[in-house]
Amino acid sequence: MNIVAVLVNNNTRILVQGITGREGANHTRSMLQYGTKVVAGVTPGKKGAKIEGVPVFDSVQEAIDFDPKINTSVLFVPARQVEDAVYEAADSAIPLIVIITENVPVHSTIRVVDYAARKGLQIVGPNCPGVISPGLSKVGIMPGHLFSKGKVGMVSRSGTLTYEIASSLTRAGIGQSTAIGIGGDPVIGLSFMDAVQLLEDDPETEKIVIVGEIGGDAEERLAASRAKLQNRKPMVSFVAGRAAPPGRRMGHAGAIISMGSGTAEEKTKALREAGIPVADLPSEISDLLSSSESKDK
Amino acid sequence: MKIHEHTAKDLFEAEGIAVPKRYVANTTSEAEEAALKIAGAVVVKAQILVAGRGKAGAILKANGKEETSKAARQLLGAIFRGATVSSVLVEEQLSISKEFYLGFAIERASKKAIMIASEEGGVDLEETARSRPTAILRILLDPLLGLRTYQARLAGKALNIPTPALASFIGICQRMYKIFVENDCELLESNPLALTKSSQLVALDARMVIDDNASYKHPEHGEGTEELTPRESSAKQMGLSFVELDGDVGIIGNGAGLVMATLDLVAHHGAKAANFLDVGGGAQAEQVKAAVQLIVKLPNVKVILLNIMGGITRCDEVAMGVVQAFTETGSKLPIVSRLVGTREEEGQRILSEAGIEMTKSMELAAKKAVSLLK
């Protein structure tokens, strides 16, 4: 798999599955405006159409035949069609598959994540905003103008909260290397830990911001693994959902405190014990980043 | 979406898993009839969707028509942990020699389904997990291959299932896994799975939770609105992600994480949110209007806090929806708004013209909203 930088870069050539739908078409336009190379789209039955000048095909294989250099697929297909669409992309060996769609049944996600892993392909999402390397490429739905090129990598379970924090960093003059929206579902392709590892290995990234939320134990596991790491990059974090009641799903399928675990308190405690500062307010992230160097390096 | 015990047991039975003889009763006379048909000791179980029914007193033992009638009368209409009992399950009591736990769930970390089994059934699994974690067996399941026979056999051995019942145990594991996958379950458990004195394995309880994202595949289980408040049900139909809470600051935002962070900010300033409401990505004016109307009608709300970080969501659409809702409802509730992102100038202009106050950041907005409570 030839992925330089983190997941996406200026060699990223994108296929959009579900390109003729409302979201697919809008975001194709927005990705093109950002300078991302969207080279083909697929919607079964819509062969011959063009969306923003991008040719539409009936199948992924036809799109690959048209442009063999396609190396990323972004999915906007309806939730019920995601499973099949991922198999189709995986069978054409597209190395990076980004699932934007929300409300994908979790058993579908389990199957496609497993299928892709067997083929050595990477899934990001579902229910995620995608990946952006400011100035290079935007593969997803984030508003590009809120981001700026720089050295801070971001990993987040939440879309709009990523935009919120990225724009506050941008205003503070702190640019970003790559922001990875891993998605708000209980089962996702690229995990919190995997995403952080990519940024840890990325020469363009000097510091890392992680944005977690209630539910599951990804933040705790990340904290435990980082506590053992030597020479790690400085990291700061934010955890959403301190005021969330137990047992209720807060918007994201994965954001639920169940059986007393997955609370923001536990996550905050685990992160702090691993030496990772946790911001009380989203706006504190930039200050914590500025002061993180001396402490962590 | 949680499924009632009696429905889950019907699915178990259809798949060939032994379950006790049982009847659903909506009235005391139906419960009496059931007692007569079963003719022997029974258990009367409230059909509610909350866990821990035994501890809450929602499961009663009875023998004969009179006692069953009394138990049913006691349970029907009663409220346990917020759930009102509208039906009971009258079930034959069996002579049990041992109780096990058997369940299937989704494990986030491994991104797979797992089988969970324990020799210590009939008790709270979380309690066992805390006190004796080694008493719980977790087996990772391959999504392509499913549960392998040897995995079920090893689990049976580890649980000390008597040899004559081992084949039956393996069959139950495989059938439960089949139900788990075919019904898109987040959780399927039998606690206890009991070994009777006649060496038969019987699912004495059945708990089933279906993935909300897959409920469209299983219309037979309804819409899953039983546990929601009436307002939450109607919000769900409008495609809004809405949870009622007990504070007095009404919250409207876009994106689950941002809305959660907004709730946190309100708490940070010493107040409580009245709700969680995510209008979703790319919300149109119509949807925002419905959201505002919903919040305006919440009885506790004293101030509304609007927090929009427009990406695919357009600020002008949001602003139009807000203004329309206020015009139509004639609400005089104070509203503090923070509206940035796509088409923010237009959106901010629409709100200013309607006399709605704007703040520069979500933190200032939360602070301002809380200050208006006083």
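Trainee: In the hairpin that β8(B) and β9(B) form, which residue in the turn has a positive phi?

Mentor: This is a predicted model, in which local features need pLDDT of at least 70, side-chain atom pairs count only at pLDDT 80 or more, and totals for chains, interfaces and linings use all residues. Residues are numbered from 1 along each chain as its sequence is written, chains are lettered from A and ligands numbered from 1 in the order written, and side-chain values use heavy atoms, with hydrogens and water left out. Strand β8 (residues 96-107) of chain B pairs with β9(B) in the antiparallel sense over 7 bridges, where pairing requires that DSSP finds at least two bridges between the strands. There are 4 residues between these strands, and the one in the turn with a positive phi, of about 60°, is Lys111(B).

Trainee: Which residue of β10(B) is the bridge partner of Ala117(B)?

Mentor: β9(B) also pairs in the antiparallel sense with strand β10 (residues 136-141) of chain B, over 6 bridges. Within β10(B), the bridge partner of Ala117(B) is Leu137(B).

Trainee: How are α11(B) and α12(B) oriented to each other, roughly parallel or roughly antiparallel?

Mentor: The axes of helix α11 (residues 315-329) and helix α12 (residues 344-353), both of chain B, come within 7 Å and cross at roughly 15°. Such axes are lines fitted to C-alpha atoms, for helices over the stretch in contact, with angles running from 0 to 180 degrees between N-to-C directions. Angles under 35 degrees count as roughly parallel and those over 145 as roughly antiparallel. The orientation of α11(B) and α12(B) is therefore roughly parallel.

Definitions and conventions. Helices (H or I, at least four residues) and strands (E, at least two) are DSSP runs, numbered from the N terminus. Angles under 35 degrees count as roughly parallel, over 145 as roughly antiparallel, 65 to 115 as roughly perpendicular and the rest as oblique.
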